[in-house]
Amino acid sequence: MNFETLLIEAPAEGVALIRLNRPRQYNALNTTLLGELGSALDQFEADDAVKVVIITGSEKAFAAGADIAEMVGKSGEEMLQMIQSVTGWKAISTFSKPTICSVSGMALGGGFELALQCDILFAAKGAKFALPEVNLGVIPGAGGTQRVARLVGKSLAMEMVMNARPMLAEEALQRGIVSRVIDADKIEAEAVKLASQLAGRAQHAVRTAKACVNKAIDTTLEEGLSYEQQSFFPLFDTDDAKNMMAAFLNKSK
């Protein structure tokens with residue numbers, strides 16, 4: 001795949017890495033980048049050889065937010081049409097395979113919202129997260145208000161959204177936003193290591209697990225438990241489950 005704003009790598013078997021590549025703009029998200037991200041994810045969704053996707057940026061910036069140069073002077077209707085015209089947001093929110101986000105430097109505004117849509121989020125020490133849209137007279141518009149509130153609770157979310165309160169990686173770990181804080185020179189290797197482990201697991205189980213955890217966030221406990229049970233029993237009919245249970249009893253691989 002050849003893209004203008006992305007670099008695509010294959011760091012391990014079953015693993016695809018998407019590197020945001022607008023270095024002069026600190027990987028600010030413009031329509032070209034989001035469109036190319038959607039195209040890449042659609043291709044990886046259809047490619048059975050790809051089991052896990054990593055999304056990362058540069059050492060200085062994962063993504064510094066939306067590209068303000070594209071937004072200035074636009075009406076609300078024009079912004080709506082622009083956002084609806086790009087496929088990146090929808091592609092990542094509906095992607096069925098595991099996604100790992102590796103953040104170094106800053107993840108601001110839309111960059112933070114993009115990171116929050118990934119399944120597992122790693123942060124380099126000192127990485128900075130914020131939703132500073134209020135400084136431009138607007139609010140987060142790609143899920144930031146909803147996902148942050150679900151992760152950190154009402155009071156802190158209000159500070160972050162209404163007053164652009166920043167958060168460093170170490171606090172993000174305490175608040176449950178990220179799962180690990182790692183040295184900047186090791187973070188990508190750790191992301192690849194985890195991705196390789198996930199790629200080597202039973203894929204029906206992995207993708208079903210992802211769907212169930214996402215359901216827990218999006219619905220009530222009662223509905224989530226029902227969804228989990230509906231998802232649980234069909235897995236016993238997969239070759240993966242049959243072979244792996246037999247191997248476990250036989251003490252073989």
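The accessible surface of the protein chain is about 13800 Å², and carbon and sulfur atoms account for 54% of it. Accessible areas are computed by the Shrake-Rupley method with a 1.4 Å probe, and for residues only the protein chains shown count as cover. The model is a predicted one, in which local features need pLDDT of at least 70 and side-chain atom pairs count only at pLDDT 80 or more, while totals for chains, interfaces and linings use all residues. Residues are numbered from 1 along each chain as its sequence is written, and side-chain values use heavy atoms, with hydrogens and water left out.

**Overall form**

Of the 253 residues in the protein chain, 42% are buried. Buried means under 20% relative accessible area, exposed means over 50%, and partly exposed covers the range in between (1.4 Å probe, protein chains only). The chain has 12 helices and 10 strands. Helices (H or I, at least four residues) and strands (E, at least two) are DSSP runs, numbered from the N terminus.

The radius of gyration of the protein chain is 19 Å, close to the 18 Å that the globule rule gives for 253 residues, so the chain is as compact as a globular protein of that length. This radius is taken over C-alpha atoms, and the globule rule is 2.2 Å times the number of residues to the power 0.38. Along the principal axes, the C-alpha atoms fill a box of roughly 65 × 45 × 35 Å.

Contact means heavy atoms within 4.5 Å. Among contacts between residues at least 6 apart in sequence, 69% join residues at least 24 apart.

**Around strand S5**

Ser102 is part of strand S5 (residues 99–103). With a relative accessible area of 2%, Ser102 is buried. Which residues does Ser102 contact, leaving aside its neighbours within four places in sequence? They are Ile55, Thr56, Gly57, Phe62, Phe122, Ile187, Glu188 and Ala191.

**Cysteines**

A disulfide is a covalent bond between the sulfur atoms of two cysteines. Here the term is used for a pair of cysteine sulfur atoms within 2.5 Å. How many disulfides does a search of the whole structure find? It finds zero. The cysteine sulfur closest to that of Cys101 belongs to Cys118 and is 4.4 Å away, too far for a bond. Cys118 is likewise in no disulfide. Cys101 is buried at 0% relative accessibility, and Cys118 is buried at 8%.

**Salt bridges**

Side chains of opposite charge can pair when their charged atoms come close. A salt bridge is counted when a side-chain nitrogen of Lys or Arg lies within 4 Å of a carboxyl oxygen of Asp or Glu. The structure holds nine salt bridges. The table lists some of them.

| Glu9 | Arg19 | 2.9 Å |

Glu9 lies in strand S1 (residues 6–12) and Arg19 in strand S2 (residues 15–20), so their pair ties together parts that are 10 residues apart in sequence. Glu9 is partly exposed, with a relative accessible area of 30%, whereas Arg19 is buried, at 17%.

Asp119 is partly exposed, with a relative accessible area of 32%, and Lys210 is buried, at 12%.

**Aromatic rings**

A pair of aromatic rings is described by the distance of the centres and the angle of the planes. Rings of Phe, Tyr and Trp (its six-membered ring) pair if their centres lie within 6.5 Å; planes under 30 degrees apart count as stacked, over 60 as edge-to-face and the rest as tilted. By this rule there are three aromatic pairs. Phe232 and Phe233 make an edge-to-face pair, with centres 5.1 Å apart and 70 degrees between the planes. Phe232 and Phe236 are also edge-to-face, at 5.1 Å and 80 degrees. Phe232 is partly exposed, with a relative accessible area of 44%, and Phe236 is partly exposed at 38%. Phe232, Phe233 and Phe236 form one aromatic cluster.
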